[in-house]
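Me: Please go through the domains and helix packing of this model with me, one point at a time.

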Amino acid sequence: MPLHLQDLAIPILGAPMAGGPSTPALAAAVSDAGGLGFVAAGYLTADKFAEVIAGTRALTSAPIGVNLFVPQPSAANADELERYRDRLAPLADHYGAEIARPHPDDDAWQSKIDVVADTAPEVASFTFGCPTPEIIARLRDRGVLVAVTVTSPDEAAAAVAAGADALVVQGPEAGGHRGTFDPVVRPGDEPLDSLLSAIVAAHDVPVIAAGGLSSAADVRRVLHGGAVAAQAGTAFLLAEEAGTNAVHRGALTDRNFTETVVTRAFSGRYARGLANDFTARYDDVAPLGYPDVNQMTGPLRRAAVAAGDPHGTNLWAGTAWREISGGSAADIVAALAEGTR
Ligand SMILES: Cc1cc2nc3c(=O)[nH]c(=O)nc-3n(C[C@H](O)[C@H](O)[C@H](O)COP(=O)(O)O)c2cc1C
């Protein structure tokens, strides 16, 4: 029997956060606390993904979720990438890093779908697009509940038509990448609450709300607005169990960082993070083109982190980043869920 999101003891999902913050310990702790923790497959090899699922299962007997990036043809234009390379060169020199050559990469899509079918986590969520009806049916046959991240009513309709069991409605307040299906469309800025009410009114499937949720009052508001659960990412970035790197952690509590911006400068896809020197210098001139731009800037961003410099790397954060604090994931889940059941 697939999991019923309505039956979770606590209506809190710990958002998948690829690129470091998601760890087996974080996912297991959120699930053990009565919520639902996620394994993030993005950027991992399929073997590593399987290993992380096994590692998470070893830590908890509660339900877990996994999350995959849906691959799309890159929107990159070779001339624009070359121009961006030239612009990045001084920063690469500064960090003694190379600018990597972009190459086609579908994030091991088929192999990761096989891993999900083999390991049958209770939930699989997707971002950057919608899996085909065949893939959704295959996973559902294995007892996996399939959730698709959507950022607009049109995407919600497409996901429901493809057979999604649940929707993750991601508002513009969200930290990290927007899940927008079409990577060349600038994601919408309709606030989460109105997006949520439009989508809840239009579809019968359970809806999870995400974006800027950092307090119990936020969670109660989206539940009142028709969501079955709230998915929080930024709220867990400082958790003890999170793999958030030290530079990112430091910036999240540094009062010198005063705002978040939606930028394609780091990855070629729109994502929200703290405004820093990198976004100030490159946001206007960066081309679209994921994963190409992500690959190009990768060594440079890693070198900045190694140098302890928050101004040369992405510092993903949602609009509510000021409200977050550290502590155990269980305490963060309990604080978010206060008064919800
Ligand atoms: C550091 C970071 C990494 C993220 N990585 C993923 C990911 O791998 N897959 C995904 O579906 N969403 C990812 N997201 C987006 C979250 O699923 C969610 O939409 C977002 O965190 C909600 O907004 P909030 O950060 O304000 O809570 C990421 C968010 C952050 C902050």
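Me: Which pLDDT is needed for local features, and which for side-chain atom pairs?
Reply: Residues are numbered from 1 along each chain as its sequence is written, and side-chain values use heavy atoms, with hydrogens and water left out. The model is predicted, and totals for chains, interfaces and linings use all residues, whereas local features need pLDDT of at least 70 and side-chain atom pairs count only at pLDDT 80 or more.

Me: How much area do domain 1 and domain 2 bury between them?
Reply: The domain assignment, automatic or from a database, gives domain 1 as 5-71 + 106-239 + 324-337 and domain 2 as 75-105 + 258-314. Their contact (heavy atoms within 4.5 Å) takes 21 residues from domain 1 and 13 residues from domain 2. Buried area is the accessible area (1.4 Å probe) that two parts lose on being put together, summed over both. Carbon and sulfur atoms carry 51% of the total, which is about 1,300 Å².

Me: How many salt bridges does the rule find across the interface of domain 1 and domain 2?
Reply: The rule asks for a side-chain nitrogen of Lys or Arg within 4 Å of a carboxyl oxygen of Asp or Glu. Across the interface of domain 1 and domain 2, the number found is zero.

Me: Are α3 and α11 roughly parallel or roughly antiparallel?
Reply: Helices are DSSP runs (H or I, at least four residues) numbered from the N terminus. Axes are lines fitted to C-alpha atoms over the stretch in contact, with angles from 0 to 180 degrees between N-to-C directions. The axes of α3 and α11 come within 10 Å and cross at roughly 10 degrees. Angles under 35 degrees count as roughly parallel and over 145 as roughly antiparallel, 65 to 115 being roughly perpendicular and the rest oblique, so α3 and α11 are roughly parallel.

Me: Which residues of α5 make the contact with α4?
Reply: Helix α4 (residues 109-119) and helix α5 (residues 133-141) pack at about 25 degrees, with axes 9 Å apart. The α4 side consists of Trp109, Ile113, Asp114, Val116 and Ala117, and the α5 side of Ile135, Arg138 and Leu139.

Me: Where does Pro291, with its cis peptide bond from Tyr290, lie?
Reply: The bond from Tyr290 to Pro291 has omega near 10 degrees. Pro291 is in the loop between α10 (277-282) and α11 (292-306).

Me: What is phi of Asp107?
Reply: Asp107 sits in the loop between α3 (78-95) and α4. Its phi is positive although the residue is other than glycine, with a value near 60 degrees.

Methods
Helices (H or I, at least four residues) and strands (E, at least two) are DSSP runs, numbered from the N terminus.
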